[in-house]
Amino acid sequence: MTPAARLSAAIELLETIDAHRVPAAGALKEWGTRHRFAGSGDRAAIAGLVWDVLRRRASSAWIMGEDTARARLLGMLRLERGLSTDAIAALCDGSRFAPSPLTDAERSALTSHSLAGAPAHVSGDYPEWLDPHLAEVFGEERALEAAAMASRAPLDLRVNTLKAARDKVLAATTHLGTMPTKWSPVGLRIAISADARNVGIHAEEAFIKGLIEVQDEGSQLAAWLSAAKPGEQVIDLCAGAGGKTLALAAQMQGRGRLIATDQDKRQLAPIHERLSRAGVHNCEVRTPKGQGKGDGDALSDISASADLVMIDAPCTGTGTWRRNPDAKWRMRPGALEVRLKAQAAVLDRAVHLVKPGGRIAYVTCSVLPVENNGQVGAFLARHPEFSVVSPSETVAALWDKADDFSAATLQSAEGLLMTPRRTGTDGFFVSVLRRK
């Protein structure tokens with residue numbers, strides 16, 4: 001396919017997403033099935049165009065003065081890809097399979113319009129109803145923070161130190177363009193370009209042998225900050241597919257008792273294979289009994305004995321927008337209310353599991369204060385027997401980059417927040433709560 005034909009395909013896909021309100025990933029998969037003549041390079045390029053439009057949906061429509069699939073694509077080519085008006089016009093020449101030529105209004109908008117004077121939710125590319133939430137945490141910098149959350153994410157890997165050191169894995173994956181992560185002592189990063197094909201990491205020898213796992217650097221650090229130690233009893237209460245469970249197992253060096261569970265047993269399905277591949281032998285997976293979500297208590301025999309309870313809390317996922325940019329446009333206020341109730345419930349569930357002197361690590365991949373500081377504050381009001389471990393204390397003894405990392409994060413009395421703009425990671429909030 002020609003570059004112009006790819007633009008036409010992207011416009012068609014965006015119109016489908018708009019008309020049927022379907023997730024972009026599903027629309028892209030269906031399009032690829034129906035257009036088998038398109039090669040892998042074509043599909044990757046078209047997907048890159050669609051994702052970039054979704055990243056810059058509001059700002060692109062703003063500069064074009066029109067909120068249509070075509071207008072947003074043209075605006076994205078200017079804002080995200082940096083193409084000149086003439087370069088865009090050359091692609092839109094009306095030839096076979098190409099978009100129709102630019103109108104005078106489109107050419108004028110591309111040439112003269114800018115984001116000067118645009119409201120924060122437009123220049124930051126997020127739904128207007130979220131503006132008060134982002135203003136609460138970021139203030140006047142919310143547009144800059146949100147724009148960073150709309151950027152393209154790298155592919156991060158966590159080296160499984162149960163099997164190999166980072167230097168060894170780095171040397172074995174140089175063909176992928178891996179580089180050490182800035183903060184995580186066990187992370188590797190691969191930069192991803194706009195039109196890049198799937199890296200195919202699951203077919204790599206290092207992955208098959210369990211030397212690496214896909215995990216954002218922020219998620220790695222969230223597990224790292226829990227300070228799980230060899231010999232402890234650790235419970236991963238919202239284990240899901242097991243990303244943080246695997247990280248905790250490596251921190252424990254295979255020693256101690258690690259229990260992984262989740263109220264939705266369907267989420268646990270991949271964890272068994274992942275644990276086996278990683279060579280984890282001290283993890284017990286406990287699946288809830290019963291037929292439905294949340295039926296039965298898989299931890300009924302445990303009371304006040306855990307050194308650490310990890311809560312990777314259900315949340316809105318606002319911190320992961322750069323990996324799933326269409327999610328922010330499909331998010332509704334009602335979904336936030338549901339998440340808030342679930343977070344409070346899982347925090348309360350952890351209380352009876354933690355021994356005196358033990359701790360709860362409360363983690364979200366959200367930047368919204370109501371899911372982070374607000375939840376921690378409400379929890380402390382309900383459970384005064386807990387107190388927050390100071391964020392500076394949390395990081396101080398962990399690694400040699402602690403001071404620089406602390407300075408980069410947004411810290412509060414309730415915990416610390418990582419963001420793409422500040423730390424180059426996904427957005428993660430971490431609060432460590434110690435039982436007195």
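Cys238 sits at 14% relative accessibility, so it counts as buried. This is a predicted model, and a search through the whole of it turns up zero disulfides. Cys238 is accordingly in no disulfide, and the nearest cysteine sulfur, that of Cys315, is 10 Å away. The rest of this briefing goes through the cysteines, the strands, the cores, the helices and a few individual residues.

**Cysteines**

- Cys315 is another buried cysteine, because its relative accessibility is 11%.
- The closest cysteine sulfur to that of Cys315 belongs to Cys365, at 3.3 Å, and that is too far for a bond. The cut-off behind this call is a sulfur pair within 2.5 Å.

**Parallel strands around β8**

- Strand β8 covers residues 306-312 and is mostly tucked away, with six of its seven residues buried.
- On one pairing, β8 goes with strand β5 (residues 233-236) in the parallel sense, over three bridges. Here Ile235 stands opposite Val309 of β8.
- β8 also pairs with strand β9 (residues 354-364), again in the parallel sense, this time over six bridges. Ile311 is found opposite Tyr362 of β9.

**The antiparallel open sheet**

- Four strands make up an open sheet, ordered β2-β3-β1-β4, with antiparallel pairing.
- Its edges are β2 (179-180) and β4 (212-214), each of which pairs on one side only.
- Further in, strand β1 (residues 155-159) and strand β3 (residues 187-190) run antiparallel and are joined by four bridges. Arg158 has Gly187 in β3 as its bridge partner.
- Helix α13 (residues 217-225) lies across β1 and β3, and runs at about 35 degrees to β1.

**Nonpolar cores**

- As a rule for soluble globular proteins, nonpolar side chains tend to be buried together.
- The largest nonpolar core here has 39 residues, and the ones with the most contacts inside it are Ile235, Leu237, Val309, Ile311 and Ile360.
- Elements that each supply at least two residues of this core are α9 (131-138), α10 (142-149), β8, α17 (333-351), β9, α18 (373-382) and β13 (428-435). The largest share, six residues, comes from α17.

**Helix α14**

- Helix α14 (residues 243-251) is largely enclosed by the rest of the structure, because eight of its nine residues are buried.
- The buried ones are Lys244, Thr245, Leu246, Ala247, Leu248, Ala249, Ala250 and Gln251.
- After α14 comes Gln253, whose phi is positive, near 55 degrees.

**Aromatic pairs**

- The whole structure contains three aromatic pairs.
- One of them is Trp183 with Phe405: the ring centres are 5.5 Å apart and the planes meet at 70 degrees, so the pair is edge-to-face.
- Trp183 is in the loop between β2 and β3, while Phe405 is in helix α20 (residues 402-408), so the pair ties together parts that are 222 residues apart in sequence.
- Trp183 counts as buried at 5% relative accessibility, and Phe405 counts as buried at 0%.

- Val395 is part of helix α19 (residues 391-396) and counts as buried, given a relative accessibility of 1%.
- Not counting residues up to four places away in sequence, Val395 touches Leu225, Ala402, Phe405, Ser406 and Leu416.
- Setting aside neighbours within four places in sequence, the contacts of His133 are Leu336, Leu368, Pro369 and Val370.

Methods: Residues numbered from 1 in each chain as written. Predicted model: local features only at pLDDT ≥ 70, side-chain atom pairs only at ≥ 80, totals over all residues. Heavy atoms only, no water. Buried < 20%, exposed > 50% of the residue type's maximum accessible area, 1.4 Å probe, protein only. Pairing = 2+ DSSP bridges. Contact = heavy atoms within 4.5 Å. Axes fitted to C-alpha atoms, helices over the stretch in contact; angles between N-to-C directions. Core = buried A, V, L, I, M, F, W, Y, C linked by side-chain atoms within 4.5 Å. Phe/Tyr/Trp six-rings, centres within 6.5 Å; stacked < 30°, edge-to-face > 60°.
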